[in-house]
Amino acid sequence: MPRAPIIDGYRALGLIRNPFVAEQTAGVEPAVWLDRAGQPPAPQPIARRLVQLLGPRGAGKTSLLLHWQAQQPGPYHYVEADWRRWRFPPLAPLVYWDELDRLAAPVRWLAMRAAAARGSTIVAATHIDLAPFAQRHGLTVTTHTFAPISTDELLAWAVRRIDHARLPDQPLGLTLAPALAAQIVTHAGTSWRVAADLLHIWAAERAKAAQTALEFGTDLTAIPDTFDLAARLRGYHVSD
């Protein structure tokens, strides 16, 4: 007797995969990038300036930094948390230093001094305010902080992600309801990482429900979205 075909819940929803799967590399594809209100344009080189992207983990600092780098190229340096934090970052008219607050203090002092002497523009992602250190070397400082995610922003971002993972010429069976989006942003605050984690769980549950419905011959449109955010938040841990 032939085996029954394996039913893929994501394909049943008209998707190639989970739209909110974590990317293997840092940054955001242009197709799913969302320009936020108040987002400044990419910095210019040779401005003798520190442009610091200041915010907590998951706020989108690295994503914005790499988005700018794609528009205004310059060397990128990621500061590791181990002994490699003693490595001297590259110098150029425009540089991108990620996790700059991790850089060993003596190295950071020398790097900022050297960049200021060259008149460089430093774009830095940081968890702490580095303005006092930069100003001691004569660098002008511009600080960009990150507002909490709004419901409209999350809805627009979800549409982009879902559309990017969509199967061609297939009906789409996954739509984020505004009420659920509002619940998610209330918990996520400024963290796109938290929002993406919760949406990943939501999409996986919808795919599982779709798979079950097909196996039992149930109409997919009749599957209620019963995602219980409060239950999922119990014991929730932010992914790395």
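Among contacts in the protein chain between residues at least 6 apart in sequence, what percentage join residues at least 24 apart? In this predicted model, the share of such contacts that join residues at least 24 apart is 73%.

## Overall layout

The protein chain contains 8 helices and 5 strands, and their order along the sequence follows the pattern α-β-α-β-β-α-β-α-β-α-α-α-α. Of the 240 residues in the protein chain, 42% are buried, while the accessible surface comes to about 12800 Å², with 56% of that surface belonging to carbon and sulfur atoms.

## Strand β4 and its partners

Strand β4 (121–126) is mostly covered, since 6 of its 6 residues are buried. On one side lie Thr121, Val123 and Ala125, on the other lie Ile122, Ala124 and Thr126, and both faces are covered. This arrangement can be read against a general rule, namely that in a regular strand the side chains alternate between the two faces of the sheet.

Two strands pair with β4 in the parallel sense: β1 is joined to β4 by 6 bridges, and β3 pairs with β4 over 5 bridges. Within these pairings, glutamine 52 has alanine 124 of β4 as its bridge partner, and tyrosine 96 stands opposite valine 123 of β4.

## Helix α2 against the strands

Helix α2, covering residues 61–71, has Lys61, Leu64, Leu65, Leu66, His67, Trp68 and Gln69 as its buried residues. These buried residues pack against β1 (49–54), β2 (76–78), β3 (94–98), β4 and β5.

## Nonpolar cores

The largest nonpolar core holds 32 residues, and the members that touch the most others are Phe20, Leu154, Trp157, Leu176, Ile184, Leu199 and Trp202. Helices α1 (9–12), α5 (151–164), α6 (178–188) and α7 (192–215) are the elements that give two or more residues to this core, and α7 gives the most, with 10 residues.

A second, separate core consists of 18 residues, including Trp97, Ala111, Met112 and Ala134.

## Two individual residues

Is histidine 137 buried or exposed? Histidine 137 lies in the loop between α4 (131–135) and β5 (140–145), and it counts as buried because its relative accessible area is 12%, which is under the 20% cut-off. When residues up to four places away in sequence are not counted, histidine 137 touches Arg48, Trp109, Met112, Arg113 and Ala116. One of these, Met112, is also a member of the second core.

Alanine 156 is placed in helix α5, and it is classed as partly exposed because its relative accessible area is 25%, a value between the limits of 20% for buried and 50% for exposed. Alanine 156 and leucine 176 are separated by 20 residues in sequence, and their C-alpha atoms are 9.8 Å apart in space. Leucine 176 itself is among the residues that touch the most other members of the largest nonpolar core.

Technical notes:
Residues numbered from 1 in each chain as written. Predicted model: local features only at pLDDT ≥ 70, side-chain atom pairs only at ≥ 80, totals over all residues. Heavy atoms only, no water. Helix = DSSP H or I, 4+ residues; strand = E, 2+ residues; numbered from the N terminus. Buried < 20%, exposed > 50% of the residue type's maximum accessible area, 1.4 Å probe, protein only. Contact = heavy atoms within 4.5 Å. Core = buried A, V, L, I, M, F, W, Y, C linked by side-chain atoms within 4.5 Å. Areas by Shrake-Rupley, 256 points an atom, 1.4 Å probe, with all protein chains shown as cover. Pairing = 2+ DSSP bridges.
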